[in-house]
Amino acid sequence: MGKINWYKYASPASFYGLAGKLIPGFATLSVVLFIIGLYISFFVAPTDAQQGEAYRIIFIHVPAAWMSMFIYVVMAAYSGIGLAFNTRLSAMMASSLAPTGALFAAIALFTGSFWGKPMWGAWWVWDARLTSQLILFFLYVGYISLQAAIDDPRRSDRASALIALVGVVNVPIIYFSVKWWNTLHQGASISFTKAPTMAYTMVAGMLIMAAACWMYTIAVALYRVRIIILERERHSVWVSELMEKIK
Amino acid sequence: MLEARQLACMRGDRLLFSEIDLHLEAGGLLHVRGPNGSGKSSLLRMLCGLILPEAGDITWQGQNIRKNEDYFRSLTYLGHQNGIKEELSAIENLRITCGLAGFDIDERTAFDALERIGLEGREALPAKVLSQGQRRRVMLARLLVAETPLWILDEPLVALDTDAIGFMRSLFELHLEKGGMMILTTHQELEIAALTTREIRFNS
Amino acid sequence: MNTLTWVLKRDMLLAMRRKSDVLTTLFFFVIMTSLFPLGVGPEPQLLKAMGPGVVWVAALLASMLSLGRLFAADHADGTLEQMLLAPESLALIVLGKTLVHWIASGLPLVLIAPFLGLQFGMNGDALWVLVASLLLGTPVLSLVGAIGASLTLGLRGGGILVSLLVLPLYIPVLIFGAGAVDASTSGLGAQGHLSILGALLVLALLATPMASAAALRISLE
């Protein structure tokens, strides 16, 4: 492969083509990694001495929680670039990541609750991590609803970019305050930080699952950004030429 | 001097206009004409820096108008809306809008300006009891006291009676005579004497 | 006079001529807190434990509901557009408007809070801490809320949308505000909580006016 001309791909029209070529690769990688990761999680990793089989849910829970965090930061970075340099493509990338981020936040919440039932005997405990995860989910909801409420694409891009940046500045403050609140009210409770001593295969399984989630996120975000590009540029010449070809 | 090169404006996914060039020097009048919705107001708001151009740039005395404090000290923009508060009296409205625009006027000056524009005896009434035309006059009174060289006026004559229109016309001419600049949209046929008169015509 | 003084003078004048707005926010706050004992029962121990949280949550909601008045009227009559064209920094204007908005909608809550505290069985020290925490915390709510208010300007369903945007951001203030009163009743001392609230206030004063100004420019384009 020769040198990629990045300036060329910063235009939505050329990125549309590039994304189309990249999606199958990332999608395949993601499926392969999910199969390996799930195999390790369910068949190779040993049963935990304290928690039995139920602990296996962390192979989904932890990567999902990581992803929801990472995606928010990446989204804010794209938003910042979009606001600073007025590049349309970065705003489109930010908005194509948001639903996946919200999905992972929701998965982390549900799996956390399923793990909580056998561990603590309750579907929901106000553990610091779970509470922070819930608030992160709220931040995603705010971002997505603001974007949905604005019809003008330019205002929508710029307004949601701003709220993403405000959110990312606040995330550390929120996490810190929730932690403070939690230690004050519950003392030393069982927490996700005190996970069982992890066997080597457990770590491997978790990392492979995380990599699979990454690949999935990239593939889905690229797929979504292609749709956004088509929608935004539907009046342009290249889209009508493309539609002619499809016919 | 105000100069704009290759301006383009998008609203939603519609291209309102593109490749607009204009320049305006002392004593110059620029008339922007066209049917409703053709982009006149958007062009004016863009020239005020309220809308970022999709393409092109706008300069004042050779410097880009973005974050150019000197430009905003030199500019008076009057838009569609009157920009006056119903709860405040005519005189409070005038003094406050001037104060926000960066220059203070005393009670006496504000009083005189309102009197000259035909609001004698109504200076202290809350704006909510004034008629549409009278509210418009409160807004336009700012032009009597503002010493800014560049006026950008979007349909300033709406709701005014013939006397007031005549008064405004002579005010415009005086401003241009003194070396001011003016960008105007209006549906009325109005002959304004100016050193140079240019026109931009939009089609729908 | 400079622009900031003009903004303060103007908004104070307007607030004085719309006194009923102050009362609606205030009564919302009072009614809201009075609903809780009706919901959970009049048991004094329970109410005492819930009191700080209830008063703070009600303050959060009252402050959020009043955000609609911060920019909407100026947006509708075109004065906001003129403010964007002011030669002085828009962030300063936003700061002035937010300050007056807090005086008209936040300060009354602070002043009436001790009476509500009495309803929940709080005593001397706890009441002082409640007032202090609200005094430091409610300006943060107004400042952060201003960002949400400017982003949702002129949108359909703006009021409910603003709650989705700003309530999650209010959480730290809630935690340290209600926490301060709890800490004082349990004998731990509220200094730590109050210092953090103070730090949040300084942070909000420095950072949010610029964010709100940027948001206003986006919304008025």
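Q: What percentage of the 221 residues in chain C is buried?
A: This is a predicted model, so the figure comes from its C-beta positions: a residue counts as buried if 20 or more other C-beta atoms lie within 10 Å of its own. Apply that to the 221 residues of chain C and the buried share comes out at 52%.

Q: What radius of gyration does chain C have, and what would a compact globule have?
A: Along its principal axes, the C-alpha trace of chain C spans about 55 × 30 × 30 Å. A compact globule with 221 residues would come in near 17 Å, which agrees with what chain C has, namely 18 Å.

Q: Which pattern does chain C follow along the sequence?
A: Start with the tally: chain C has 10 helices and 0 strands. Reading along the sequence then gives α-α-α-α-α-α-α-α-α-α.

Q: What share of the contacts in chain C with a separation of 6 or more comes from residues 24 or more positions apart?
A: Two residues are in contact here if their C-beta atoms lie within 7 Å. Take the chain C contacts with a separation of 6 or more, and the part from residues 24 or more positions apart is 80%.

Q: Are α8(C) and α9(C) roughly parallel or roughly antiparallel to each other?
A: Helix α8 (residues 124-151) and helix α9 (residues 158-185) of chain C pack with their axes 9 Å apart, at an angle of about 170°. Angles over 145 degrees count as roughly antiparallel. That's why α8(C) and α9(C) are called roughly antiparallel.

Q: How many nonpolar residues are in the contact of α8(C) with α9(C)?
A: The contact of α8(C) with α9(C) holds 1 charged residue and 7 polar ones. The nonpolar count in that contact is 17.

Q: What radius of gyration does chain B have?
A: Chain B has 7 helices and 9 strands, and its C-alpha trace spans about 50 × 35 × 35 Å along the principal axes. Of its 204 residues, 42% count as buried. A compact globule with 204 residues would be near 17 Å, which agrees with the chain B value of 17 Å.

Q: Which strands are the edge strands of the open sheet in chain B?
A: The sheet has 5 strands in the order β6-β7-β8-β3-β9, with parallel pairing. Neighbouring strands are turned by 10° against each other on average, direction ignored. An edge strand pairs on one side only, and in chain B that goes for β6 and β9.

Q: Which residue is the bridge partner of B:L29 in β8(B)?
A: Strand β3 (residues 28-33) of chain B pairs in the parallel sense with β9 (residues 196-201) over 6 bridges, and there B:L29 stands opposite B:T197. β3(B) also pairs in the parallel sense with β8 (residues 181-185) of chain B, over 3 bridges. On the β8(B) side, the partner of B:L29 is B:M182.

Q: Which residue in β7(B) is the bridge partner of B:L78?
A: β6(B) and strand β7 (residues 150-154) of chain B run parallel, joined by 4 bridges. In β7(B), B:L78 has as its partner B:L153.

Q: Which element gives the most to the side of chain B that touches chain C?
A: The contact takes 25 residues from chain B and 21 residues from chain C. On the chain B side, α2 (69-74), β6 (75-78) and α3 (90-100) give two or more residues. That side divides into 12 nonpolar, 7 polar and 6 charged residues. With 5 residues, the top contributor is α3(B).

Technical notes
Residues are numbered from 1 along each chain as its sequence is written. Chains are lettered from A and ligands numbered from 1 in the order in which they are written. This is a predicted model: local features need pLDDT of at least 70, side-chain atom pairs count only at pLDDT 80 or more; totals for chains, interfaces and linings use all residues. Ala, Val, Leu, Ile, Met, Phe, Trp, Tyr, Cys and Pro count as nonpolar, Asp, Glu, Lys and Arg as charged, and the others, Gly among them, as polar. Two strands pair if DSSP finds at least two bridges between them. The radius of gyration is taken over C-alpha atoms; the globule rule is 2.2 Å times the number of residues to the power 0.38. A residue is buried if 20 or more other C-beta atoms lie within 10 Å of its own, exposed if 12 or fewer, and partly exposed in between; C-beta atoms are placed from the backbone. Axes are lines fitted to C-alpha atoms, for helices over the stretch in contact, and angles run from 0 to 180 degrees between N-to-C directions. Angles under 35 degrees count as roughly parallel, over 145 as roughly antiparallel, 65 to 115 as roughly perpendicular and the rest as oblique.
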